[in-house]
Amino acid sequence: MSGYKGVLVSDQWLHSQFTQVELRSLKSKFGSIKNQNGEVTFGDLPPLMVKLKAFCTTFSEEEIRRVLGESHGDMSNEIDFETFLRAYLNLQSHVTARSDGPKNSSFLKAATTTLLHTISESEKASYVRHINIYLGDDPFLKQFLPLDPATNDLFDLAKDGVLLCKLINVAVPGTIDERAINTKRVLNPWERNENHTLCLNSAKAIGCTVVNIGCQDLVEGRPHLVLGLISQIIKIQLLADLNLKKTPQLVELVEDNNDVEDLMGLAPEKVLLKWMNFHLKKGGYDKTVTNFSSDLKDAKAFAYLLNVLAPEHCNPSTLDTKDPTEKANMVLDHAEKMGCKRYLSPEDIVEGSSNLNLAFVAQIFHQRNGLSTDSRKISFAERMTDDAQTCRDERCFRLWINSLGISSYVNNVFEDVRNGWILLEVLDKVSPGLVNWKQASKPPIKMPFRKVENCNQVIRIGKQLKFSLVNVCGNDIVQGNKKLIVAFLGQLMRYHMLQLLKSLRSHSRNQGRDVTDAHILNWANMKVKCSGRTSQMESFKDKSLSNGLFFLALLSAVEPRVVNWNLVTKGESDDEKRLNATYIISVARKLGCSIFLLPEDIMEVNPKMILSLTASIMYWSMQQAIEDGESSPFPLNTPDASPAPSISGEDDTSSLGGEFSHLTMDDAASDTTVSSQFED
């Protein structure tokens with residue numbers, strides 16, 4: 001496995017202001033404006049800066065030139081990369097000044113701003129308490145726990161990656177096969193890098209946004225990035241049950257059965273607010289809570305909520321108390337009596353800490369949701385949820401889209417794509433330049449025909465990319481036709497996968513030729529054969545793949561040290577197949593593959609998922625060959641006529657659910673994984 005190659009900055013403070021992904025992107029941008037003598041001056045910066053998304057909506061080119069001139073004087077002076085970074089930070093400070101200071105970071109998409117890296121000590125203390133409670137009995141971590149929230153022990157312990165991997169498994173059990181985690185007191189750089197690669201790819205696989213975080217950032221234990229990632233993981237854990245599938249009783253929140261679809265399309269935190277207001281209305285509270293910050297500062301809403309849910313612990317004097325801090329303390333005492341652990345302080349409530357207040361409300365929901373057990377309503381809600389395969393497809397598409405780094409965030413694919421905007425964003429990411437943004441309408445969209453226009457453009461671009469879209473129109477997407485949405489997204493992900501492979505193929509003697517399913521199949525068989533093993537797959541539908549042995553052989557072929565064969569079973573029973581399948585997924589992510597399939601996809605030999613897994617391993621292997629300087633990282637000497645049964649035919653279009661992502665480690669990311677903040 002090739003070692004990590006980061007961008008080094010001699011000034012440590014300056015280095016700390018950027019993530020490695022940001023440094024790689026800015027380094028590339030800086031290099032692109034060098035003149036024939038390899039020089040860059042201050043005068044060269046305005047045309048570049050005005051194209052960066054961090055500044056394009058705030059400054060004109062002339063304004064940037066004026067700001068740089070005021071700060072640095074002679075615009076003809078030659079500058080180096082570090083001076084460029086300082087100029088970037090200087091300009092960013094002017095952006096912050098214009099926007100009246102930095103906004104609070106979102107708990108959903110944790111901010112990784114490069115100007116101010118302040119962290120909330122109260123949030124850190126809350127997360128430390130959470131970790132101490134949920135991981136205190138872990139066989140490996142208990143020697144390091146409990147952590148002291150007053151120290152930086154959290155960031156030091158996170159540097160080897162074990163803590164973050166274990167926390168992901170607390171949030172979504174079974175995400176990581178813990179046999180793949182390198183656990184010992186002292187890890188070498190390779191083992192630490194593997195743990196962090198496994199962590200980041202697994203975090204993406206549960207819905208975290210990690211586009212702007214690299215392995216080296218975690219190895220260095222950067223507080224704002226570590227806390228940002230931990231906050232997302234904990235939020236996913238706390239909000240896991242806020243959907244109709246896990247809690248069908250939530251159907252009580254809507255009065256009309258026709259509104260159930262709207263409820264299904266809400267983000268989990270919006271459902272939590274709706275649940276809170278539902279009970280507040282019953283309790284006689286005369287306001288509507290619209291956020292977890294300012295609306296909760298006086299603690300009055302909390303008092304009403306707890307009085308409705310746990311009247312047996314009600315303190316009559318709570319609502320009469322005038323001092324907000326004292327009232328907040330009484331609220332926390334009430335919650336503690338009903339079984340909620342104290343994660344936040346009265347001061348956190350009064351200060352309006354949105355992250356901690358959200359976590360507190362989610363705790364109350366888990367402890368006692370107060371919803372009806374009306375069997376008729378629950379039965380209706382259960383009928384509204386999708387079958388297992390559709391749910392699996394929706395999960396795959398949602399995680400793939402969110403991993404692309406587009407500005408929108410998907411909570412429910414089938415609801416969120418219906419206005420066409422997110423699909424246009426994805427198309428622009430996968431194939432830049434095809435979307436005509438002048439003809440697109442950005443949400444919120446009130447006029448239905450505007451949604452149809454967006455979706456019609458989506459279909460036109462799909463046909464331009466040679467997708468099979470016979471008798472499909474934009475209105476089918478607007479109407480939420482799940483079968484057609486699945487078909488379109490399946491083809492789009494497959495197209496993205498093949499384009500990524502084709503981009504690496506340009507480094508070989510086969511440059512310019514398209515990559516096909518047959519190439520991927522032949523490459524995998526050749527790799528395994530050359531490693532001395534006899535396993536082969538006849539197609540991506542080959543039922544013998546269910547035992548997982550071929551993929552373990554393939555992973556071992558591309559990186560011999562990554563598979564521990566002592567942990568591999570024969571794959572004869574279903575239990576043994578599941579053990580192998582979970583190990584395959586974790587080993588692939590540990591290697592650097594960003595994949596979203598489930599163990600069931602391997603066990604059942606889902607051909608779309610099998611294709612994506614194989615292609616992901618192939619992409620990683622090709623990247624390593626290029627980085628290691630091999631002349632032909634794409635050794636495909638097999639003729640195109642060697643047919644592998646394709647899964648892209650028209651007959652299979654309706655179930656094209658194969659997922660595919662960036663297929664790369666964040667630290668070795670191409671421009672496709674860099675934060676959109678640095679894109680032209």
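Helices here are DSSP runs of H or I with at least four residues, numbered from the N terminus. The model shown in these views is predicted.

**Figure 1. Gly462 in helix α22.** Gly462 lies in helix α22, which covers residues 448-464. The relative accessible area of Gly462 is 0%, and a residue under 20% counts as buried, so Gly462 is buried. Apart from neighbours within four places in sequence, Gly462 touches Phe467, Leu469 and Phe488. Leu427 is 35 residues away from Gly462 in sequence, yet the two C-alpha atoms are 8.7 Å apart in space.

**Figure 2. Helices α21 and α24.** Helix α21 is made of residues 421-430, and it packs against α24 at an angle of about 20°, with the two axes 10 Å apart. Angles under 35 degrees count as roughly parallel, so α21 is roughly parallel to α24. The crossing of α21 past α24 is left-handed. On the α21 side, the residues that meet α24 are Leu423, Val426, Leu427 and Val430. On the α24 side, their partners are Phe488, Leu489, Leu492, Tyr495 and His496.

**Figure 3. Helices α25 and α29.** Helix α25 (residues 517-530) and helix α29 (residues 607-627) cross at roughly 65°, and their axes come within 10 Å. Angles of 65 to 115 degrees count as roughly perpendicular, and α25 and α29 are therefore roughly perpendicular to each other. Their crossing is left-handed. From α25, the contact involves Asp517, His519, Ile520, Trp523, Ala524 and Lys527. From α29, it involves Leu611, Thr614, Ala615, Ile617, Met618 and Ser621.

Figure 4. Helix α17 has 14 residues, numbered 354-367. At 1.5 Å a residue, α17 should span 20 Å, and its end C-alpha atoms are 20 Å apart, which agrees. Eleven of the 14 residues are buried, so α17 is largely enclosed by the rest of the structure. Among the buried residues of α17 are Asn355, Asn357 and Gln363, together with Leu356, Leu358, Phe360 and Phe365. Val361, Ile364, Ala359 and Ala362 are buried in α17 as well. The buried residues of α17 pack against several other helices, including α6 (121-135), α11 (223-238) and α13 (268-283). They also pack against α14 (300-309), α15 (324-337) and α16 (346-351).

**Figure 5. The nonpolar cores.** The largest nonpolar core contains 172 residues. Within it, Leu229, Leu272, Trp275 and Met276 have the most contacts. Helix α24, residues 482-505, contributes the most to this core, giving twelve residues.

**Figure 6. Two cis peptide bonds.** Leu145 and Pro146 are joined by a cis peptide bond, with omega about 5°. Pro146 sits in the loop between α6 and α7, the latter being residues 153-157. Another cis peptide bond joins Pro443 and Pro444, where omega is about 0°. Pro444 belongs to the loop between α21 and α22.

**Figure 7. Two residues with positive phi.** Asn471 is not a glycine, but its phi is positive, at about 60°. Its place is the loop between α22 and α23 (474-478). With a relative accessible area of 77%, Asn471 is exposed. Val605 is not a glycine either, and its phi is also positive, at about 50°. Val605 is in the loop between α28 (599-603) and α29. Val605 has 5% relative accessibility and counts as buried.

**Figure 8. The whole protein, for orientation.** The protein has 29 helices and two strands. Of its 680 residues, 56% are buried. Among contacts with a separation of 6 or more, 67% are between residues 24 or more positions apart.

Terms used. Residues numbered from 1 in each chain as written. Predicted model: local features only at pLDDT ≥ 70, side-chain atom pairs only at ≥ 80, totals over all residues. Heavy atoms only, no water. Expected span 1.5 Å × (residues − 1). Buried < 20%, exposed > 50% of the residue type's maximum accessible area, 1.4 Å probe, protein only. Contact = heavy atoms within 4.5 Å. Core = buried A, V, L, I, M, F, W, Y, C linked by side-chain atoms within 4.5 Å. Axes fitted to C-alpha atoms, helices over the stretch in contact; angles between N-to-C directions. Parallel < 35°, antiparallel > 145°, perpendicular 65-115°, else oblique. Left-handed = near helix turned anticlockwise from the far one by under 90°.
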